Amino acid sequence: MTQATIPVIDDISILYSEPKLAGARARWARLAHDFEQLYGRVPDFIARSPGRVNLIGEHIDYAGFGVLPMAIEDDCLIAVAVDTTGTDPTVKVSNTNSAKYPPLKFIPKSADQGYVDIDPQAHVWTNYFAAGYRGVLEDLQIVKPKGMLCLMSGTVPAGAGLSSSSAFVCCSVNATLKAQESLLPTGKTPTAHELAIISIRSERYVGTMGGGMDQACSILAKPNSACFIEFHPVLKVTPVAFPTTIPSIAFVIADTLVTSDKAVTAPVRYNLRVVETRGAARILALALGIPIPESGKLHLKQVLDAHFEKIGYTPAAGKTEAEIDIEKLTEMVQVVERVFGTDEIKDGVSFEKLCELSQLSGAEFTRLYIQQPIRAERFHLYRRAKHVFGEEKRVVEFRDICEKAEAKKQTAETVFSLLGGLMDASQSSCHELFDCSCDQLEELTKLARQSGAYGSRLTGAGWGGASVSLVPEDKVPGFIARLKKEYYNRHHPELSEEELENVIFASAPSSGAATFVGR
C-alpha cells in the first residue's frame, strides 16, 4: 500500500497531453483571475481531481470485484483561499458557471451536528462539495475548521457516466484537507490512499451507495496507465500499462447526451442494483453452505472466496493467477445457473420471495441491505449475479491481455480485436443482464463498431451517459467525424462544433488528484 500523499505541483504540464495543454493553461489562468475578481484576493492553491472512464468492469465494484478504469484529462478544479485570522470559519463556494449553479455560504456547525446540512433529496450541486468537506472534518476530527473561499470549475460532462460527481467530491476532499492541514498534528496528513477511502465514504452523504471505483481512480490514478482497482479484502490500486502497438490504442468517449443523474434515479436503478446483488450474495451463500457473517452482510466476491476455500480448491500446477481467476469465475456462473436459473427465480422475484430466500423477515432484510431508498416490484437475482461474475471474468482477461501482449509478440490487430471483443461482450451483458443501457447507448455503440471501433460499450452507471470505444489512434479523426455526422447531427443539430468538442473526444490516461501551489 502506498504511503504517498496527494502530490503538490507547480506545473500543470504533467496533468495533460500536449494537444490539450494550451487550453488547460488558459482555463487555470482564467479560474485564478475569476477568483481574484470574486473575492478580492488571489487563491492560496488550486485542488484538482479528474473524471474517469471505466474501460471494463461495470457495476461490480460494490460486489467486491476489481475494475479497470482510467483517469481522463477532463477534471474538477477548486481554487481556494484560507482564512488566516483564525476568527472567521465561514465557507463560501461559487461556480464559474454562476448562471446555472448558485453559490453556497455556510458557517460550519459542531461536529455532533455534522458540520454542514446535506439534504440528499435536494439534488443541488453544492451537496457534493459539502459531502467532501464534512467527510474530511469528521475523519480528521477537526473541531474548529478554518474558513474557506472557493471557486469551482468543472469540465467533466455532468450525467455522462464519467464521474463528474465523484470528481467534485474528491476535489472537495482534497481542497478541504489542504485548507485545514495546519490544524493536524505533525506527520498526521492522510495519505492519498486514505483520502480515497474518505472520498468513498463522503459521497454516500449525497444518497448514492457507490462501490468506490470512481473515487479511487480520481485520487490514485497514475500517468499513462489504467487502474486495476480491487476492493476486497482492502482497497488496492495497480497501474496497468497499455501494450505498445503501431498504431497506438486510443479510447474515444462519446456522450449520448441522455443525462443520468445517479442521485435522482438511484432508488429504481443504482441503489436497487446494490440491493439485488447483495441479496443474491446472501442467497448464494445459503445455497452453498457458506456461513453468513455476524454482521449479516456479504458481497459476491466474498461468496466466491468462501466457496473455493470450503471445497478445498487447489489450482493445477503451472496455472497463472489470471487462469485461476477465470476458472473460478466460470464455475460461479454455473453456480448462478443452478441456484437462480429456475422458473421460480429466473425472471425476478417479489420482495416477499426475496426475503424468504434470504431467510429473513422483511424488517430484517431492510435493516441489513436497504440503507438508501429503493423502489421495485421484482428483484432480478439471476441476471444481476450472472452479469457480475461474467463481467469480472472479462476484467481479468482484459488486464491479462494488456500485461502479456508484448511478451507474446501479438500484433496490433490481435490486441485490438481481443480487447474490443471483451468490450462488446460487456455491453451485451450490461444491456441484457444488468438492464443499465438505453436506446441511445445501443445506437451509439452499434454506430461506433460500424465506424471502425474494435469495441464499444457504455461507461459509468449507464441508463444514458457516455460510451467508450477502442479505436486505432490514426483512425480517431475519421471515427469522430462519422459519429458527429450520423449521431449528433441527426439527434442534436443545434450543437456547434465547439460544443461537440466537449461531447465526443479522445482522452489520454491522466494522473490522479493533485494540488497546485504557484502562479
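Predicted model: local features only at pLDDT ≥ 70, side-chain atom pairs only at ≥ 80, totals over all residues.
First, the ground rules. Local features need pLDDT of at least 70, and side-chain atom pairs count only at pLDDT 80 or more, while totals for chains, interfaces and linings use all residues. Numbering runs from 1 along each chain as its sequence is written, and side-chain values use heavy atoms, with hydrogens and water left out.

Start with the core. A nonpolar core here is a set of buried Ala, Val, Leu, Ile, Met, Phe, Trp, Tyr and Cys residues joined through side-chain atoms within 4.5 Å. Buried means under 20% relative accessible area, exposed over 50%, partly exposed in between, with a 1.4 Å probe and protein chains only. The largest such core has 141 residues. Ile78, Phe129, Phe251, Phe340 and Phe389 have the most contacts inside it. Helix α12, residues 381-404, supplies the largest share, 10 residues. Helices are DSSP runs of H or I, at least four residues, and strands are runs of E, at least two, numbered from the N terminus.

Take Phe389. Setting aside residues up to four places away in sequence, Phe389 touches Phe65, Leu284, Leu300, Leu304, Leu329, Met332, Val333 and Val336. Contact means heavy atoms within 4.5 Å.

Next, helix α2, residues 126-140. Its 15 residues should span 21 Å, and the end C-alpha atoms are 21 Å apart, so the two agree. The expected span is 1.5 Å times one less than the number of residues. Of those 15 residues, 13 are buried. Just after α2, Gln141 takes a positive phi of about 55 degrees.

Now helix α3, residues 164-180, which holds Ser172. Ser172 counts as buried because its relative accessibility is 0%. What does Ser172 contact, leaving aside neighbours within four places in sequence? Ile78, Tyr128, Phe129, Gly132 and Tyr133. Ile78 and Phe129 we met in the core.

On to the cysteines. A disulfide is a pair of cysteine sulfur atoms within 2.5 Å. The count is zero. For Cys170, the nearest cysteine sulfur is that of Cys171, 8.6 Å away. Cys170 is buried, at 0% relative accessible area. Cys171 is buried too, at 0% relative accessibility.

Last, the annotation. UniProt, in an unreviewed entry, places "domain: GHMP kinase C-terminal" at residues 414-489. Such positions use the numbering here, feature names are shortened, and annotations may be inferred rather than shown by experiment. In the model, that span is 59% helix and 16% strand. Its end C-alpha atoms lie 33 Å apart.
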